[in-house]
Amino acid sequence: MLRWKMSTVTPNIVKQAVGRSHFKVSRRNNDWLGCWGHHMKSPGFRIIREHQKLNHFPGSFQIGRKDRLWRNVSKMQVRFGKKEFNFLPQSFILPQDIKLLRKAWEDCGSHQKWIVKPPASARGIGIQVIHKWNQLPKRRPLLVQRYLHKPYLIGGSKFDLRIYVYVTCYDPLRIYLFKDGLVRFASCKYSSSMKSLNNKYMHLTNYSINKKNVEYKANTDETACQGHKWALKALWSYLNQKGVDSEAIWEKIKDIVVKTIIASEPYITNLVKLYVRRPYCCHELFGFDVMLDENLKPWILEVNISPSLHSNSPLDVSIKGQMVRDVLNLAGFTLPNADDVASSSGSNSSTASLNTALKEKSRPSLELFTAEKTKKAYYLTQKVSDHEFYSTILDILTPDDVRVLIETEDEFARRGQFERIFPSRVSMRYLRFFEQLRYFNILVAQWELKYFSNRTKGVDLLRSWCYRGYHNGIVTDTTMMWTLPRTQVYLKNDFVLNGMSKVESGRISKALVQRDEEESSRSPETTTATQSLPLIKYAAGTLKKGTVPQAFSNSSLVK
Ligand SMILES: Nc1ncnc2c1ncn2[C@@H]1O[C@H](COP(=O)(O)OP(=O)(O)O)[C@@H](O)[C@H]1O
Ligand SMILES: [Mg+2]
């Protein structure tokens, strides 16, 4: 049953990891569990079955294309200010922004350099650094970006960082950052002279460009600071030796990565709800290009939705190999029942029968279902949203809450060398950046705040609920049933004793109606699948059951 769907774009390092973990190549459409393939147009995601996982989210081009990335991040800059969102060099999208560019160009004078990029290309193709208006290419569309002309230099050369960011779920949002990465050097020493702007080996740091330079020096040793490619960890040691606080840079990188992913969140979450049967079906590895300026401030240059996993040097094999292994473990592939797969092989009607079966197994009582819905609406509609209020979300958990928390903790336990950056103990401060506040983001952020320093306590609590079957809603314990609070609730303009004001309850019922409408407008597959998300996985009451966490062993990658 461990079947993998190969695609023409599946990197060798992924093929090797899955092959050595006993996956067999699938020749059919319905029996595979995983695929590392092309990005698809959003409606294409409909064909992914409940037990299958593809390495993309619909709509991830909202940060994966350079023009969309700029539009989305600059929108955040307008809403929340430059202090929070000034980490992407100012850009203009042509033809639309031509007048704005002209003005900025005149304001800066002729000493300013600009970098011109095709909006959806890669590997340095079509990129030029210019400083005269007449050097602007005539072809459109085009992204024109302020050139960071004072990069931090090492040995006189410019470099950028390839940071690996893995998102396992958008609602609740879970983001991981790989602790290692690659540092890619330009193969010609940097000069700020206008005369050298044409020299791509000086201004671009892409490996695919610089490998063509006869001066390019490979590096086989991941601990060594030599040649034109280093391990990220080697860079941190190098900087630490120079007295630089590399931890502080890493913290800044985490902050800008989280904010960039949040900028894509409204699109992706909505498309997942529309086109994907279960949140389980999507995950994505992003490659962030980050550059440090002379003050060691990190800037995001672009986000890649298919970061290169080519590994033609021992350094690449070591870093990307460990990273891919950890990604595949984090992905938590789950074995479905063979019957379910067989019944989902044909038309939509048989898919519906699978869903019905799943639903039957997991259907909570009507009372519980209402409690879950009311609780969600309650936390999303209160005007007073301080820490004290949000912390009460953990007082009584619904089965739905417990399932999401189990999935979150279980995944965290499989993180390998990835660091989880959202949710984290500081995530509450990011909630205001979401276009729409989401209940599960509040829940997991509060959970993390409470248990990050004593995770065992939290996990033990979840485990005890699992043993009692509380997570699947079958065991109903009235003392644990969430009801609207009877305590004082202070609102901005009025305060209420013993429950809620009319205004308040009106708002909640309105939210409930809206939710119902939203859910009934979704395809039946999506709705059932969402409700039954982690049930099979944890039904046996153990946190690890059903996943294959040990399958992708490191030793299988090291030759
Ligand atoms: N704003 C900028 N300032 C300075 N250098 C840049 C800037 N943008 C890109 N570069 C350089 O050009 C390279 C390629 O740009 P990037 O946006 O990553 O496009 P591509 O998709 O072709 O890799 C980067 O790796 C970096 O070395
Ligand atoms: Mg790049």
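## Starting with a definition

A residue is called buried when its relative accessible area is under 20%, exposed when it is over 50%, and partly exposed in between, using a 1.4 Å probe and protein chains only. Take His22: its relative accessibility is 59%, so it counts as exposed.

Now some housekeeping. This is a predicted model, where local features need pLDDT of at least 70, side-chain atom pairs count only at pLDDT 80 or more, and totals for chains, interfaces and linings use all residues. Residues are numbered from 1 along each chain as its sequence is written, chains are lettered from A and ligands numbered from 1 in the order in which they are written, and side-chain values use heavy atoms, with hydrogens and water left out.

## The whole chain

The protein chain has 20 helices and 17 strands. Both kinds of element are DSSP runs numbered from the N terminus: helices are H or I with at least four residues, strands are E with at least two. Of the chain's 559 residues, 58% count as buried.

Among contacts between residues at least 6 apart in sequence, 70% join residues at least 24 apart.

## Strand S13 and its partners

Let's zoom in on strand S13, residues 284-292. Nine of its nine residues are buried, so S13 is largely enclosed by the rest of the structure. In a regular strand, side chains alternate between the two faces of the sheet. Here both faces are covered: one side has Glu284, Phe286, Phe288, Val290 and Leu292, the other has Leu285, Gly287, Asp289 and Met291, and all are buried.

Which strands does S13 pair with? Two strands pair if DSSP finds at least two bridges between them. Strand S9 (residues 159-170) runs antiparallel to S13, joined by seven bridges, and Leu161 stands opposite Val290. S14 is also antiparallel to S13, with six bridges; there, Met291 has Trp299 as its bridge partner. S13 and S14 form a hairpin with five residues between them, and Leu296 in the turn has a positive phi of about 65°.

## The magnesium ion

Which residues hold the protein donors of the magnesium ion (ligand 2)? They are Asp289 (OD) and Glu302 (OE), lying 1.9 to 2.0 Å from the ion. Asp289 sits in S13 and Glu302 in strand S14 (residues 298-304), 13 residues apart. Donors are N, O and S atoms within 2.8 Å of the metal (3.2 Å for Na, K and Ca), and water is not among the atoms, so sites may look incomplete.

Are these two residues buried or exposed? Asp289 is buried, with a relative accessible area of 5%, and Glu302 is buried too, at 9%.

The structure holds four cavities of 30 Å³ or more, and about 300 Å³ of space lies in the largest cavity. On a 1 Å grid over the protein atoms alone, a cavity is a set of points where a 1.4 Å probe fits but cannot get out, and lining residues have an atom within 4 Å of a point. Grid points are joined across faces, edges and corners, and a volume is the space filled by probe spheres set on the points.

The largest cavity is lined by 25 residues, and the closest to its centre are Ile115, Lys117, Ile127, Asn206 and Leu301. S13 and S14 turn up again here: they are among the elements giving two or more residues to that lining, along with strand S6 (114-117) and strand S8 (142-146).

## A buried valine

Val444 belongs to helix H16 (residues 439-451) and is buried, with a relative accessible area of 2%. Leaving aside neighbours within four places in sequence, Val444 is in contact with Pro172, Val404, Leu405, Thr408 and Pro423. Val444 and Pro172 are 272 residues apart along the chain, yet their C-alpha atoms are separated by 7.5 Å.

A cis peptide bond joins Leu94 and Pro95, with omega about 15°; Pro95 lies in the loop between strand S5 (91-94) and helix H5 (98-108). Another cis peptide bond joins Arg140 and Pro141, with omega about -5°.

Back to His22: this residue has a positive phi of about 75° although it is not a glycine, and it lies in the loop between helix H1 (12-20) and S2. Arg123 also has a positive phi, near 55°. Arg123 lies in the loop between S6 and S7 and counts as exposed at 54% relative accessibility.

Note on methods. Contact means heavy atoms within 4.5 Å. On a 1 Å grid over the protein atoms alone, a cavity is a set of points where a 1.4 Å probe fits but cannot get out, and a pocket is an open set with protein on both sides within 12 Å along at least five of seven lines; lining residues have an atom within 4 Å of a point.
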